Structure formats: structure tokens, C-alpha cells
Amino acid sequence: MTNFLIIGLGLIAGRLFRYFKAIPADNHKGINAWILYIALPAVSFKYLPKVQWTTDMILPAITPIIVALGGYLAVSVYSKKKNLSVNTEGAMKLAAGFCNTSFIGFPLIMAYYSEQDLSVAIITDQVSFMLVSTLAITTAVTSSGKGKVTASLLLRKLFTFPPLIGCIAALTLPRLFDMSAFDDFFDKLAGTVGPLALFSVGLQLRFDGWQEEIKNILFIHGYKLLVAPALVLLVAYFMKAPHDISKISVFEAAMPTLITSGIIAEEYNLNPKFVSLTIGTGIILGFITTGFWYVVLKMAPY
């Protein structure tokens, strides 16, 4: 119950600060910088060295890939049927393909399950950001017509991304040095992810003008919040993955659109208003649909 209160208060506080202009409009960037450069790497150091690497971890690793491929296929079919522009199709792919596995996913996992389950969620999160650094950038460049995709561009985006650097360091340094003295330090830093992420999300929520984009938004939500987690649940069933790993993988797949998708859409002018509205409305709807998936996963027969 306490975690749900924190989630609600974080979002409401961020929204109120934005509404009353209590802080400058772009102050969320400073909060995001702390989360990306400090807090998320600390989460990696807190959990990854303790992960038991078995074949069961294949499911959380491929979950973002399943979501992205399914989203791209669904949008391609939808776009052809609706005769959408390349620009709008690119925006919808950004909105459909990438889940908010950390800023929203981590707090909700701690609320519905436990903090220890983040050791599984962080695997999904790292693969998600790898896809964002490669597939999302490729989509944005090709859809906008701004330049061309190069290997050097993708590698630079990938290996300068702080959470990925933190992930690599967390997987290697503890094998070389005894870092147990830093456990409390990483624990305190990792604890800032949930409250700050939710406050940042609240600052960025936008809902104005949603009526104009309602059909496309509903399509994305239908896929992101219902179809995508169902696909991962189906894969988990056929893989006979352990229930504790399956539930977190499906739950992460049930997260709304990644906020970074909105940043990329704005940078490449891919209907940023639509992507922003999808993010804002998706977060609200996600609180309902994640409750639905929590019940479904409790009843799962495996």
C-alpha cells in the first residue's frame, strides 16, 4: 500500500508543480540526468552481481524484442490500412515498440511484487535501452529523412548510454574487486529511482489535444497494454519459464510507452505531440491494466 501511495504522490506532485509552474518547464531534464547517470547504474550494481545467470533469464532478455517486433508489425499493418504518412508511421512505431521498463516499471514492480524482483526487471530494462539506442534511432532517422543511419552513429548512441555503461561495469568489476563495502552506498542511490522517476514523469505529463489523435492513441494502447504482454505470456508458457521470472517479464511488457520515445520523436520531428499524448494517457491507463495483469498472472496455471 505504501508503494502505491508513493507512486500516486510522485505523479501528482510532478503534475501540480508543472501546472502551477513552481519550477522551470525543463527542470525534469536535471532529474532525468540524475536517474540515468547515477541512480540506474546504482541499481545495476545493487542487483546484477547477485543474479543467478541461467537459461531462465532468456525470457526477460527477449521480452523487449518481442514487444518491439510485435509493435512494428502491428503498426506497419495499421499504417498500410489507414494510409498513414511515413512520418506518422515512424512516430507510432516509436510509441508501440518500447516500454517504460524503469521509470514506471520499477516502481510498479516494487508496489505489486517486491524490490528483489528488480534483479529480473533490470535485465529487461537493459535490453530495452539497447533497442532504443539502435532500433529506435534507426526508425527515427529513416522516417524523418534526416541523414542516414551509420554503424558509428548507433555504436556511439549505444556505448555512451550511462545505464548500459553501469550494467557492463556491474557485471565485470565485482568479479575483479570486492565491492561489498559499497553495498549501502548503492542501496541508497538505487532507492532514489522510484520517487524521482515518478516526479519526473508527472512533470512531463501532457493531455491537451488528445481528441485529434484518439484513434491512433487507442490503437497503440491496445497493443502496448494488452496485446504485448499477452504475447510475452504466450512465449513464457511455451518456454515453460519459472513463474517468478515469467510474471516480471510479462509485467514489464505491460508497461506504457517509454518516455525516451517522446524525446526521440521531438528530436526528429516525428509527430511529437502524438507520442507525448500517448505517453501521458498510457501512464494513467497503465495503472488499470497492470492491475488486470497482476490478477491474470496470479491465476496463471504454471
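**Figure 1. Cys99 and Cys167 in the predicted model.** This view of the predicted model shows two cysteines, Cys99 and Cys167, whose sulfurs lie 18 Å apart. For Cys99, the closest cysteine sulfur is the one in Cys167, and that is too far for a bond. A disulfide needs the two sulfur atoms within 2.5 Å. A search of the whole structure finds zero disulfides. Are these cysteines buried or exposed? Cys99 is buried, at 6% relative accessibility. Cys167 is also buried, with a relative accessible area of 10%.

**Figure 2. The salt bridge between Glu115 and Lys46.** The closest N and O atoms of this pair are 2.3 Å apart. Where do the partners sit? Glu115 lies in the loop between α5 (105-112) and α6 (118-144). Lys46 belongs to helix α2 (residues 28-47). The pair therefore ties together parts that are 69 residues apart in sequence. Glu115 is partly exposed, at 35% relative accessibility. Lys46 is buried, and its relative accessible area is 13%.

**Figure 3. The salt bridge between Lys46 and Asp187.** Asp187 is partly exposed, with a relative accessible area of 30%. Which residues make up the network of salt bridges seen here? Lys46, Glu115 and Asp187 are linked in it.

Figure 4. Glu89 and Lys93 meet through their side chains. The distance from N to O is 3.2 Å. Both residues lie in helix α4 (residues 86-97). They are four residues apart, about one turn of the helix. Are the two partners buried or exposed? Glu89 counts as buried, at 18% relative accessibility. Lys93 counts as buried as well, at 15%. The cut-off for this label is under 20%. The count of salt bridges comes to three.

**Figure 5. A nonpolar patch on the surface.** Four residues form this patch: Leu226, Val227, Leu231 and Phe292. Together they have about 330 Å² of accessible area. Which helix gives the most to the patch? Helix α11 (residues 214-239) does, with three residues. Leu231 has its place in helix α11. Leu231 is partly exposed, at 32% relative accessibility.

**Figure 6. Confidence along the predicted model.** The mean pLDDT of the protein is 86. Of its residues, 92% reach 70 or more. Which elements have the lowest and the highest mean pLDDT? Helix α1 (residues 2-19) has the lowest, with a value of 69. Helix α3 (residues 58-82) has the highest, with a value of 97.

Terms used:
Residues numbered from 1 in each chain as written. Predicted model: local features only at pLDDT ≥ 70, side-chain atom pairs only at ≥ 80, totals over all residues. Heavy atoms only, no water. pLDDT = per-residue confidence, 0-100. Helix = DSSP H or I, 4+ residues; strand = E, 2+ residues; numbered from the N terminus. Buried < 20%, exposed > 50% of the residue type's maximum accessible area, 1.4 Å probe, protein only. Patch = residues over 30% accessible without salt bridge, like charges linked within 9 Å, V, L, I, M, F, W, Y side chains within 5 Å. Areas by Shrake-Rupley, 256 points an atom, 1.4 Å probe, with all protein chains shown as cover.
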